Amino acid sequence: MPIPNYAKRAEEAPTTWLSRWLREAEASGELNPTAMALATLDASGAPRNRFVLCKGVTDEGLRFFTNLESDKGIELARDQRVSVAFYWSILRRQVRLDGTVSPLDAAEADAYFASRSRLSNLGAWASQQSRPIETREELEVAVEAVSERFTEDVPRPPFWSGFRLRAESWEFWEDRPGRIHDRWVLKPGEEGWLIWRLQP
Ligand SMILES: Cc1cc2nc3c(=O)[nH]c(=O)nc-3n(C[C@H](O)[C@H](O)[C@H](O)COP(=O)(O)O)c2cc1C
């Protein structure tokens, strides 16, 4: 969609806006304020969606973590284009981002992995995410086996890491009475971000 000629210079970057909405969603009592639907493209070009947790927003983009050999990991290695949506039901707000991901470097992934609970980290080793398994018991046995293998610290598995999403297009949405909602888009201009409204 072309940028309309009445687009204005945005007063703040969309990452700042999102950070504030995340803080407000958390304060509102939203159960999982950082949950975001992440759509990737499969080998045939069909979209596939699932939730992941947003683990930090900076000017550089949004971070999330996953198993690199999962369906999404394989899809992201093949095609880096993604679309993400947040929804906060208490504040009745939505944010959509469209962009591309790049892998985090090992040091950043290690630092985040080290901040997680032991059980989460054992689970990261034990679960061949997205692959079939016959029973839950097999999974529990696999967790027990890695627990015996790593009796002290759990190192980050080589197949587990994170991505940074850089979005070129952001859309913010806020519920208003009678479904006459507010929608606005931010896209990069020549000098900073440009902003304009969309019809609801
Ligand atoms: C609220 C919520 C948060 C989740 N967060 C993550 C996450 O941060 N990373 C992840 O790999 N899976 C997360 N999951 C699980 C994914 O939705 C998904 O089931 C899993 O990653 C496998 O996806 P795939 O087969 O498309 O790769 C989360 C699920 C929910 C419901």
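What percentage of the 200 residues in the protein chain is made up of buried residues? Buried residues account for 22%, where a residue is buried if 20 or more other C-beta atoms lie within 10 Å of its own, exposed if 12 or fewer, and partly exposed in between, with C-beta atoms placed from the backbone. The model is predicted: local features need pLDDT of at least 70, side-chain atom pairs count only at pLDDT 80 or more, and totals for chains, interfaces and linings use all residues. Residues are numbered from 1 along each chain as its sequence is written.

**View 1. The protein chain as a whole.** The protein chain has 5 helices and 10 strands; helices (H or I, at least four residues) and strands (E, at least two) are DSSP runs, numbered from the N terminus. Along the principal axes, the C-alpha atoms of the protein chain fill a box of roughly 60 × 35 × 30 Å. Of the contacts in the protein chain with a separation of 6 or more, 60% are between residues 24 or more positions apart; two residues are in contact if their C-beta atoms, placed from the backbone, lie within 7 Å.

**View 2. The shell around the ligand.** Around the ligand there are 15 residues, of which Thr66, Ser70, Asp71, Lys72 and Ser130 come nearest; a residue is near a molecule if its C-beta atom, placed from the backbone, lies within 6 Å of it. At least two residues of the shell are supplied by each of strand 3 (47-53), strand 5 (61-67) and helix 2 (71-78). By class, the shell holds 6 nonpolar, 6 polar and 3 charged residues. Here Ala, Val, Leu, Ile, Met, Phe, Trp, Tyr, Cys and Pro count as nonpolar, Asp, Glu, Lys and Arg as charged, and the others, Gly among them, as polar.

**View 3. The crossing of helix 4 and helix 5.** The axes of helix 4 (residues 118-126) and helix 5 (residues 136-149) come within 9 Å and cross at roughly 115°. Helix 4 is therefore roughly perpendicular to helix 5, a term for angles of 65 to 115 degrees. Axes are lines fitted to C-alpha atoms, for helices over the stretch in contact, and angles run from 0 to 180 degrees between N-to-C directions. Leu122, Gly123, Trp125 and Ala126 of helix 4 meet Leu139, Ala142, Val143, Val146 and Ser147 of helix 5. This contact has 7 nonpolar, 2 polar and no charged residues.

**View 4. Two loop residues with positive phi.** Most residues other than glycine have a negative phi. Ser130, in the loop between helix 4 and helix 5, is not a glycine but has a positive phi of about 80°. Ser130 counts as partly exposed because 14 C-beta neighbours lie inside 10 Å. Arg179, in the loop between strand 8 (160-174) and strand 9 (182-189), is not a glycine either and has a positive phi of about 60°. Arg179 counts as exposed, with 7 C-beta neighbours inside 10 Å.

View 5. Leu97 belongs to strand 7 (residues 93-103) and is buried, because 24 other C-beta atoms lie within 10 Å. Leaving out residues up to four places away in sequence, Leu97 touches Val84, Leu165, Ala167 and Trp170. Val82, in strand 6 (residues 81-88), is buried with 22 other C-beta atoms within 10 Å. With residues up to four places away in sequence not counted, Val82 touches Leu38, Ala39, Thr40, Gly99, Thr100, Val101 and Leu165. The C-alpha atoms of Val82 and Val101 are separated by 7.2 Å, and these residues are 19 apart along the chain.

Conventions
Parallel < 35°, antiparallel > 145°, perpendicular 65-115°, else oblique.
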